[in-house]
Amino acid sequence: MSATKSAAHILKRVLMVPPKHFTVEYAINPWMGGVVDKKKAHQQWDSLKSAIEKAGVQVLTMEQTEGLPDQVFVCNSGLVYDNKVYLSRFRHKERSGEQPLYLEWFKKNGIATIGEGYEEIFEGGGDAVFSDPKTLWAGYGERSSKSVYERIKALGSFDIVLCDMVLPNFYHLDTCFAPVDETSALYYPPAFSEATKKEILRRLPNSIAVSEAEANAFVCNAITIRDTVISPIGVSQDTKNALSKRGKQVEEVDMSEFMKSGGACQCLVLRLL
Ligand code: ARG
């Protein structure tokens with residue numbers, strides 16, 4: 001079965017950061033605001049971790065540093081491929097203090113680093129995701145520069161599909177696109193240019209378009225692990241049926257506290273290998 005080839009299928013380890021110091025203190029994306037219920041945030045994070053483990057993936061953790069409230073969104077730390085990582089350079093100064101901490105963690109954990117010292121902004125797994133080991137979906141616009149992908153070629157040999165994102169609310173690729181298997185993704189069509197929409201359907205012809213209500217519930221901020229799609233609450237019956245036709249079941253996790261910062265399931269997880 002070709003499904004075994006998809007990157008999501010072979011995922012074995014991820015990195016997560018428990019929300020010890022998670023708050024919403026500034027607004028660097030249109031969703032940010034409100035007061036975080038800390039107890040709820042811990043419970044939601046624990047539920048997400050359990051769902052990932054139940055799906056068969058090992059979760060490593062890194063401690064959050066005080067004063068860096070968005071460090072929980074560790075998926076923005078870089079893009080990992082083949083035991084190498086291309087490191088992020090955050091667009092906003094509010095998050096740039098996270099960079100040296102990730103660099104140190106990758107070094108300690110034997111992952112070769114690339115990208116240190118380069119100028120181009122890049123927010124890691126928030127904008128760049130593999131649908132299979134030969135295809136990288138590469139968002140740019142709000143948080144990552146188009147030109148960084150020239151440098152990212154140094155990670156290995158794969159196609160880079162540049163994704164032109166056109167709506168400010170969908171400021172990272174993982175807010176409007178999630179690979180599901182080797183021929184499909186969940187995606188929110190209005191978030192993309194015509195050319196990008198065409199390319200999504202050309203390469204992933206069984207992709208499932210989500211509604212505006214689902215997009216606003218961050219349904220595309222999902223992670224597929226084997227036959228489970230872990231997503232925030234709000235997946236419609238139509239989408240569940242379409243996923244079920246692809247052999248996938250949906251596991252919904254309440255992400256209300258993290259959505260106050262404009263993030264959910266996928267943002268809280270860095271794929272390692
Ligand atoms: N508040 C964070 C920021 O604006 C949220 C990051 C969400 N991460 C993601 N991969 N979409 O940077």
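## Ligand contacts

A nitrogen atom of the ligand sits 3.0 Å from an N or O atom in the side chain of Asn-76. This is a polar contact (a pair of N or O atoms within 3.5 Å). The model is predicted: local features need pLDDT of at least 70, side-chain atom pairs count only at pLDDT 80 or more, and totals for chains, interfaces and linings use all residues. Residues are numbered from 1 along each chain as its sequence is written, and side-chain values use heavy atoms, with hydrogens and water left out.

Arg-95 places a polar side-chain atom 2.9 Å from an oxygen atom of the ligand. Ser-261 uses its backbone: an N or O atom there lies 2.8 Å from a nitrogen atom of the ligand. There are 16 residues around the ligand, each with a heavy atom within 4 Å of it. Of these, Arg-143, His-172, Asp-174, Ser-261 and Cys-267 come nearest.

Strands here are DSSP runs of E, at least two residues, and helices are runs of H or I, at least four, both numbered from the N terminus. Two strands pair if DSSP finds at least two bridges between them. Strand 4 (residues 84-87) runs parallel to strand 5, joined by three bridges. In one of these pairings, Tyr-86 has Ile-114 of strand 5 as its bridge partner.

## Helix 4

Helix 4 spans residues 98-108, and its buried residues are Glu-98, Gln-99, Tyr-102, Leu-103, Trp-105 and Phe-106. They lie on the same side of the helix because they cover an arc of only 165° around the axis. The arc is taken from the directions from the helix axis to the C-beta atoms.

The face turned away from the buried side carries the exposed residues Lys-107 and Lys-108. Buried means under 20% relative accessible area, exposed over 50% (1.4 Å probe, protein chains only). Just after helix 4, Gly-110 takes a positive phi of about 70°.

## Strands 1 and 2

Strand 1 (residues 13-16) and strand 2 (residues 58-61) run parallel, joined by four bridges. Arg-13 stands opposite Gln-58 in strand 2. Between the strands the chain passes through helix 2 (residues 38-54), and this β-α-β crossover is right-handed. That is, with the strands pointing away from the viewer, the path from the first strand over the helix to the second runs clockwise.

Definitions and conventions: Polar contact = N/O pair within 3.5 Å; in protein donor to acceptor, adjacent residues only side chain to side chain.
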